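Trainee: I'd like to learn how to read the features of a model like this one. Could you walk me through it?

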Amino acid sequence: IGSEDYYLDDNLLYYKNNGSLYYINIEDEKFNPKKIDYSFTSNNSFSVVNNKIYYFTWGKETTSDNYAVTYDMKTKTETREKINVDLLNSPDLSDGVVGYFSGGSIGDYHLYSYDFEKNILNIIGEYTDIVENRKTTILFEKKRLNQEEYCLYDKKNNQEQFCVDLNQFTEINQEYISNPVTTKDNSILVLSDDKVLSCTSSTNCNNILYTLSDEEKNADFVDIFYYSNKLILIQGFDVECQGGCYANRYKYYDVLDNKKEYEFQ
């Protein structure tokens, strides 16, 4: 698989490789990929729900137009709906039939949602990026002059719960990464210096979830991620910065479970 473009629908994993779309049943131990007779160019991501492929794409005549495309694999029919938003960027289709993306023009830039089934476009707010898209919440980034906020958004009620301004925290001792953040239920977790703090409102960030040791804090790269009752601390080592910084090797472990270590690439 030479692509990070993929989508999991129940037990079927769909992925793109060399411009073609394939799927495998993840419960099939023989790994028997099957090719789908449909080619498309998407704006970085797609979803597949109940035999229907959803994605955003540019116009055939000009890249200034954006379209929401639905392809029914059973009937082999394609429908296109024009999206009246300029500069459609970084679409997130992890919810399946609802896609999120940033876009607009200079001075009128927003985060949007689009429902492929209902053909409904909504403005969510003046956010700059999607950090995490969970089952019930989205963590948005909101950057302004001398201010960097992270906002928790309730998807069910379509409203912002609260925002946390990172200026109130102490940055960890790393030159090339901002304060790592992640979400836990209806709270925002922030790594501030040597502590992982839980914020339940814009002013209540007093709950210390974990304190890093000096060795953990002083790694070349430090990040956090909360998922499935696990607070994963990510450490990177042997950092290179030619054309962008990255670490050559990483260590992942759950700090809430006796520092149980995980092997990931």
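Predicted model: local features only at pLDDT ≥ 70, side-chain atom pairs only at ≥ 80, totals over all residues.

Trainee: Then how do I class Asp 185, buried or exposed?

Mentor: Exposed, because its relative accessible area is 59%. Asp 185 is found in the loop between E17 and E18. Its backbone deserves a look too: phi is near 55°, a positive value in a residue other than glycine.

Trainee: Which loop holds Lys 76?

Mentor: The one between strand E7 (66-72) and strand E8 (77-83). Lys 76 has a phi near 55°, again positive in a residue that isn't glycine. At 57% relative accessibility, Lys 76 counts as exposed.

Trainee: Let's move on to sheets. What is the strand order in the open sheet of 4 strands?

Mentor: A general idea to start with: side chains in a regular strand alternate between the two faces of the sheet. Here the order is E17-E18-E19-E20, and the pairing is antiparallel. Strand E17 (181-184) and strand E20 (207-211) stand at the edges with a single partner strand each, so one side of each has no neighbour in the sheet. On average, neighbouring strands of this sheet are turned by 30° against each other, direction ignored.

Trainee: How many bridges join E18 to E19?

Mentor: There are 5, between residues 187-192 of E18 and residues 195-199 of E19, and the two strands run antiparallel. To find your way along the pair, look at Val 190, which stands opposite Leu 197 in E19.

Trainee: And how do E22 and E23 pair?

Mentor: Strand E22 (residues 230-240) pairs with strand E23 (residues 246-254) in the antiparallel sense, over 8 bridges. Phe 237 has Arg 249 in E23 as its bridge partner. The hairpin of E22 and E23 has 5 residues between the strands, and Gly 243 there takes a positive phi near 75°.

Trainee: What happens between E23 and E24?

Mentor: E23 pairs with strand E24 (residues 260-262), antiparallel, over 3 bridges. Tyr 252 has Tyr 262 in E24 as its bridge partner. E23 and E24 form a hairpin with 5 residues between them, and Asn 258 in the turn has a positive phi of about 55°.

Trainee: Now the rings. How many aromatic pairs does a search of the whole structure find?

Mentor: In general, a pair of aromatic rings is described by the distance of the centres and the angle of the planes. The search finds 18 aromatic pairs in the whole structure. Take Tyr 38 and Phe 40: their ring centres are 5.5 Å apart and their planes are at 25°, so the pair is stacked. Both Tyr 38 and Phe 40 are buried. Phe 225 and Tyr 227 also form a stacked pair, at 6.1 Å centre to centre with 10° between the planes.

Trainee: Which residues form one aromatic cluster?

Mentor: Tyr 54, Phe 56, Phe 101, Tyr 112, Tyr 114 and Phe 116.

Trainee: What sits over the ring of Phe 40?

Mentor: The charged end of Lys 16, 4.4 Å from the ring centre.

Trainee: Last topic, disulfides. How many does a search of the whole structure find?

Mentor: A disulfide is a covalent bond between the sulfur atoms of two cysteines. This structure has 2 of them. One joins Cys 151 to Cys 163, with an S to S distance of 2.0 Å. The torsion about that S-S bond is about 105°, so the disulfide is right-handed. Cys 151 lies in strand E15 (residues 147-154) and Cys 163 in strand E16 (residues 159-165), so the link ties together parts 12 residues apart in sequence. Cys 151 counts as buried at 0% relative accessibility, and Cys 163 counts as buried at 11%.

Trainee: What about Cys 199 and Cys 205?

Mentor: They form a disulfide with their sulfur atoms 2.0 Å apart. With 120° about the S-S bond, the link of Cys 199 and Cys 205 is right-handed. Cys 199 is buried, with a relative accessible area of 0%, and Cys 205 counts as buried at 8%.

Terms used. Residues numbered from 1 in each chain as written. Heavy atoms only, no water. Pairing = 2+ DSSP bridges. Axes fitted to C-alpha atoms, helices over the stretch in contact; angles between N-to-C directions. Buried < 20%, exposed > 50% of the residue type's maximum accessible area, 1.4 Å probe, protein only. Phe/Tyr/Trp six-rings, centres within 6.5 Å; stacked < 30°, edge-to-face > 60°. Lys NZ or Arg CZ within 6 Å of the ring centre and 35° of its normal. Disulfide = S-S within 2.5 Å.
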